[in-house]
Amino acid sequence: LLMRNWLLGLEEEKWVWPIPEQRYLENMTYLEATIKDAKSRGKEVLVYIPPRPVNGRFPFNPQMYQRFKAEVQAPMDNYEGHFANLEDCVEGPVWGQTRGGDGELVQDFTHFSAEGHKQLAACLSEVVLGSMVRKP
């Protein structure tokens with residue numbers, strides 16, 4: 001694969017991963033059903049957009065990602081849930097690396113170090129304490 005990619009001028013870090021439309025729609029249906037069920041049981045619900053590398057590779061179509069964020073937030077408005085966009089909350093050189101399908105070392109946009117987890121915990125604490133904890 002390395003030779004093929006070199007010959008064709010392909011670089012894995014420039015690939016965009018498509019999300020099949022049917023799978024996307026099913027996932028959104030299940031998300032809304034889960035939120036509806038939790039709210040019907042009197043539970044507080046927090047849905048958040050997970051962190052992603054701010055200055056690194058992000059292998060999803062930007063327009064589709066914007067659609068995703070809007071459609072994740074919509075049921076929270078409908079069911080009086082809590083929503084937070086934490087995509088920029090983990091910063092710095094805390095992101096992992098992984099070998100891609102062709103052996104290239106690429107940034108892992110879904111995993112980060114202990115320091116990244118501390119940053120995420122701080123962001124989540126702000127959201128929970130700021131909007132979810134009922135104040136007297």
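Student: With which side chain does the side chain of R52 make a polar contact?

Tutor: In this model, which is predicted, the side chain of R52 makes a polar contact of 2.8 Å with the side chain of E87. As for its place in the chain, R52 belongs to the loop that runs between β1 (46-49) and α3 (62-78).

Student: How should I read the packing of two helices, and at what angle do the axes of α2 and α3 cross?

Tutor: Two packed helices are described by the angle between their axes and by the distance between those axes. Here the axes of helix α2 (residues 21-40) and α3 come within 9 Å, and they cross at roughly 20°. Since angles under 35 degrees count as roughly parallel, α2 is therefore roughly parallel to α3. The crossing of these two helices, α2 and α3, is right-handed.

Student: Which residues of α2 and α3 meet?

Tutor: From α2 come E21, Y24, L25, M28, L31, E32 and I35, and they meet M64, R67, F68, E71, V72, P75 and M76 in α3. Sorted by class, this contact of α2 with α3 has ten nonpolar residues, four charged residues and no polar ones.

Student: How do I read aromatic pairs, and how many does a search of the whole structure find?

Tutor: A pair of aromatic rings is described by the distance of the centres and the angle of the planes. The search of the whole structure finds two aromatic pairs. One of them, formed by W95 and F112, is edge-to-face, with 5.0 Å from centre to centre and 85° between the planes. Because W95 lies in strand β3 (residues 95-99) and F112 in strand β4, the pair ties together parts that are 17 residues apart in sequence.

Student: Where does H111 lie, and which residues does it touch beyond those up to four places away in sequence?

Tutor: H111 lies in strand β4 (residues 105-112), and, not counting residues up to four places away in sequence, H111 touches W95 and G96. The side chains of H111 and T110 are joined by a polar contact of 2.9 Å.

Notes: Residues numbered from 1 in each chain as written. Predicted model: local features only at pLDDT ≥ 70, side-chain atom pairs only at ≥ 80, totals over all residues. Heavy atoms only, no water. Polar contact = N/O pair within 3.5 Å; in protein donor to acceptor, adjacent residues only side chain to side chain. Contact = heavy atoms within 4.5 Å. Axes fitted to C-alpha atoms, helices over the stretch in contact; angles between N-to-C directions. Parallel < 35°, antiparallel > 145°, perpendicular 65-115°, else oblique. Left-handed = near helix turned anticlockwise from the far one by under 90°. Nonpolar A, V, L, I, M, F, W, Y, C, P; charged D, E, K, R; others polar. Phe/Tyr/Trp six-rings, centres within 6.5 Å; stacked < 30°, edge-to-face > 60°.
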